Structures are given as structure tokens and as C-alpha cells.
Amino acid sequence: MKRILKIVFVLLFLSSIGNTYAQSDELVNVCALGIGNATYLKDYKVKLSASSVSPPTAKFNVILNKGTLYKFTVCNAEGYSGEAVLTLRENVKVLGSNLKADGSFLTGLGFQCNKTGMYSINISFKGGKAGAAVAILSYVNMK
Amino acid sequence: MKRNWLKIVFAAFIVTLLLQFGCKGDGSKSISNDIEIPDSIFNDKPLMISKEAMEDIIDNISSPVEMAALLKSSGVPFSQKMLASTSRIDDLNTNFKQALNLGVYGCDLGYLNMYEKTGSVITNMTAIKTLSNELRIGQFFDFSTIKRLATNNENLDSLMYISVSSFNNMDEYLRQSNRGNISSLIVTGMWIEGMYLAAMVAKDAPRADIVERIADQKLVLNDLILILKNYQNDPSFVDLIAQIEIVKKEYEGVKITYEMGEPEAKEVDGMLIIIQNDKQHIDMSDETLTSIIGAIIDVRTKIINL
């Protein structure tokens, strides 16, 4: 009996993972609708637990190309209080963030890349709250 | 009685689970009846670099759509003859050949979408469908929607989005299911094809921005070789690595230097844009460019004639 209950518990857990995947895919689709006149390139899905000590951060490396205007669009998942803070870095140098100095958020952050190289997209949640979000990387056709 | 009840609950969960995972990444909501045997069963040799590091490297490699976008924004006219023929699909009889060529056709799809050549998209998608089904990843492509969007020439942004995100989802799935060998081949095929398209343009009429993009892809080459070397126990990979090493050798003549500057923020059309004020300088002779173009064309020719 206990063994069967354990199996059911594991299946329930796996089932919730399946649901999370489906929800995050849906959020990507919704978020991609909001990129405006840009063309979708990649998406980054993030789900982080709450932490008051050291807010966890998800880091994604990406090569960005010279001469391209990139756009980062962030969408927060419903059901979580956390608001995603996206920070673009080149090594340790912070290039920009969607979090403004007054504590409000930008819906889209542009980056005019003038140097092909490795950059990192860092995503955490404001105040170390638990959160789930999707960030879309797209490029804006300027010509 | 209690045992029967538990069996029913157990069976219900199994069915629910199968339905949920079966739907993952499948825009068409169809559920495959095929039972998939993960390649990891046959491919369980330890990797030289960690799975996480490899995923990170694959993620780094730029989307082939960016190369197509550069060609179009530079005023390069569309050229069907540059694209890989889809007539040899039946000859691609191993996963190695199929995955490399799927990458090639994936890049061509981005190029066709970029130039809004929706008529040719259907032919290209047919090849992609065949190869992805052979590789047991066809469920990630919503072929009927792509075909409808292409046939009706409607909502080209959606066509591009569905095409690119299908490849992204497929790549994510391959890596999660320990089929990084297939993923690395698709990425390699895409990168080589993107470079080939740029090389063919640069060969006829070298344009500064395209030549610079070819040159700065030197950064990607080491990463590409690193992920392929994970699978060098496979003789097919050894040949491919050797070909790409030749390309790398030609890149030795490319020198890239940087001038540092402080980024500034500007608001353009209501969007905050960070302008990077670093400068990149490329030093590459015409001879080096010619050698790189030749090496890229050689590798691509071998891939499409496997």
C-alpha cells in the first residue's frame, strides 16, 4: 500500500512538471506576441524559489552580433508575486536592466550591439520573491 | 477491492502523464503513437565536458536567422540557387546525415522566411518533416499551421516565430533526453549553412558588414569544435571535426581587436536602448577571406553530399 502511494506521489510530482512545461510554453507564445516589430530569436524560461538572503539568479550565455539591435521582452507568469529583473552583462560589466531606478519596470529593453561576443542574460526576481517568467530575445530590423 | 481501485488510480495517472508529456512542444496538439528509444541507451559514453557546459555552448551559437537578416538588410537579393537541394532526402540514411542536413534545411527555412519566399517554404518544410520524423522529433513541428501560413502568404511574423521556436523546442528536448549528439549536429549544420550563404555573397561581392560577420564568427568555431569533440568516438564525427578544423586553420589569419567605451542609454520610439560604445576592429587580408570562403564551401558541399 505504502509503495503504491509513493508511486502515486512521484507520478503527481512528474505530472506537475509536465504542467509547468505546458504553462511556460504558453507564456512564451503570449510573450512573443508582445515583441512588436521585432523578430523572435530565443526564449529563456525561469522559475526561482524565494530567498531573503541571496536572491537566486538564472544565467544564460549568448553570443550577440555587431550591428544588431536586440530587444529583451520580459513576461511574468501569473500566480507568482515575483517580478523578473533582467540584467544584461558582458563579463562583470552591467550593460542594462529592465528595472528602472525608480523601481518600476520597462516592458522592453533594447541593446545596440557593436561588438560580437559573449554576453550573459541574468534573471532574478525583485526582492528575492518566488517567481516564474519568460524572457524573449528578438532583433529589431532597423533598415 | 482496494487493490483494484488502486490499480485504476495508477493507470489513470500513467495515462494523464503520457498525455501531458506527449503534448510537450507540439503546437498541433497531436500525440505521437511511436515509442521512442532514447539515443542515450546506445550513446552512454562519458562526455569530455559536462552536459551543462555543452548546453551552454550550444545556446551561445547565434541563430541562423540573424545571418539571413543581415543578408537581407544589406540589400543582398534572394538567391534560390544558393539553397540546398531537397532531392536527396532519401539518401540520408543515418542519424548523422539526417541531423546535419536538418540543420542545413533549418537555416534555409530561416532564409526563405526572411525573404518571404513562402512558396519554397513548403518544399523545404517537406524535407524538414521527413528528416525530423526519421530522427523522432517531428512532433515539434506544427507542419499544418506552417503550411497554411505559407500557402496563404498570411502573417509572416507568425510563420517565422513558429519555425524558429519549433527548432528551439526540438533542440531543448534533444538535450534533455540525452541526445546531445543529434543536437550538436543540427546546430553545426545550421551554422555551416549560414556561413555558406554569407560566403557565397562575399565571394561575388564582398560587402563590409557581411565580411565582418564572417570574420567575427571566429569566436564560434572553438565552441563548435568543442561540442563535436564530445562525440569523437564516432568515426563520422571525426571526419566532420577534421573538416571544421580546416576552417579554423584558415581563421588564424583573422585578428580581432577592441576599443572600449562606456555604454549609454537612449530612448527611441518609446523603448530604452542601451548603445554599446565599444568598437570592434577586424584585421583580415583578402587572401584570408578567400581561404575561409573556400573552406566553408568545401565543408558545406561535403555535408549536402553525404
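Modeller: Let us do so, keeping in mind that this is a predicted model. An open sheet of six strands runs in the order 1(A)-8(A)-3(A)-6(A)-3(B)-2(B), and its pairing is mixed. Its edges are formed by strand 1 of chain A and by strand 2 (264-268) of chain B, each of which pairs on one side only. From one strand to the next, the twist averages 25 degrees.

Colleague: In what sense do strand 1 and strand 8 of chain A pair, and over how many bridges?

Modeller: As a general idea, strands of a sheet pair through backbone hydrogen bonds, either parallel or antiparallel. Here strand 1 (residues 38-48) of chain A and strand 8 of chain A are antiparallel, with ten bridges, and A:Y40 has A:S138 as its bridge partner in strand 8 of chain A.

Colleague: Are the two faces of strand 8 of chain A covered or open?

Modeller: In a regular strand the side chains alternate between the two faces of the sheet. In strand 8 of chain A, both faces are covered: A:G131, A:A133, A:A135, A:L137 and A:Y139 are buried on one side, and A:A132, A:V134, A:I136, A:S138 and A:V140 are buried on the other. Ten of the ten residues of this strand (residues 131-140) are buried, so strand 8 of chain A is largely enclosed by the rest of the structure. For chain A as a whole, 40% of the 143 residues count as buried.

Colleague: Which residues have the most contacts inside the largest nonpolar core?

Modeller: In soluble globular proteins, nonpolar side chains tend to be buried together. The largest nonpolar core in this model has 115 residues, and those with the most contacts inside it are A:A133, A:A135 and B:A198. Helix 8 (residues 180-204) of chain B supplies the largest share of this core, 14 residues. Leaving aside residues up to four places away in sequence, B:A198 touches B:M67, B:L71, B:I210, B:R213 and B:I214.

Colleague: Where in chain B is confidence lowest, and where is it highest?

Modeller: Where pLDDT is low, the predicted coordinates should not be read in detail. Chain B has a mean pLDDT of 83, with 83% of its residues at 70 or more. Confidence in chain B is lowest in helix 1 (residues 2-23), at a mean of 50, and highest in helix 12 (residues 286-304), at 96. The pLDDT is below 50 over residues 15-44 of chain B, although this stretch has 44 contacts in the model beyond near neighbours in sequence. The model as a whole scores ipTM 0.81 and pTM 0.81.

How values were computed: Residues are numbered from 1 along each chain as its sequence is written. Chains are lettered from A and ligands numbered from 1 in the order in which they are written. This is a predicted model: local features need pLDDT of at least 70, side-chain atom pairs count only at pLDDT 80 or more; totals for chains, interfaces and linings use all residues. pLDDT is the predictor's confidence in each residue, from 0 to 100. Helices (H or I, at least four residues) and strands (E, at least two) are DSSP runs, numbered from the N terminus. Two residues are in contact if their C-beta atoms, placed from the backbone, lie within 7 Å. A residue is buried if 20 or more other C-beta atoms lie within 10 Å of its own, exposed if 12 or fewer, and partly exposed in between; C-beta atoms are placed from the backbone. Two strands pair if DSSP finds at least two bridges between them. A nonpolar core is a set of buried Ala, Val, Leu, Ile, Met, Phe, Trp, Tyr and Cys residues joined through C-beta atoms within 7 Å. Axes are lines fitted to C-alpha atoms, for helices over the stretch in contact, and angles run from 0 to 180 degrees between N-to-C directions.
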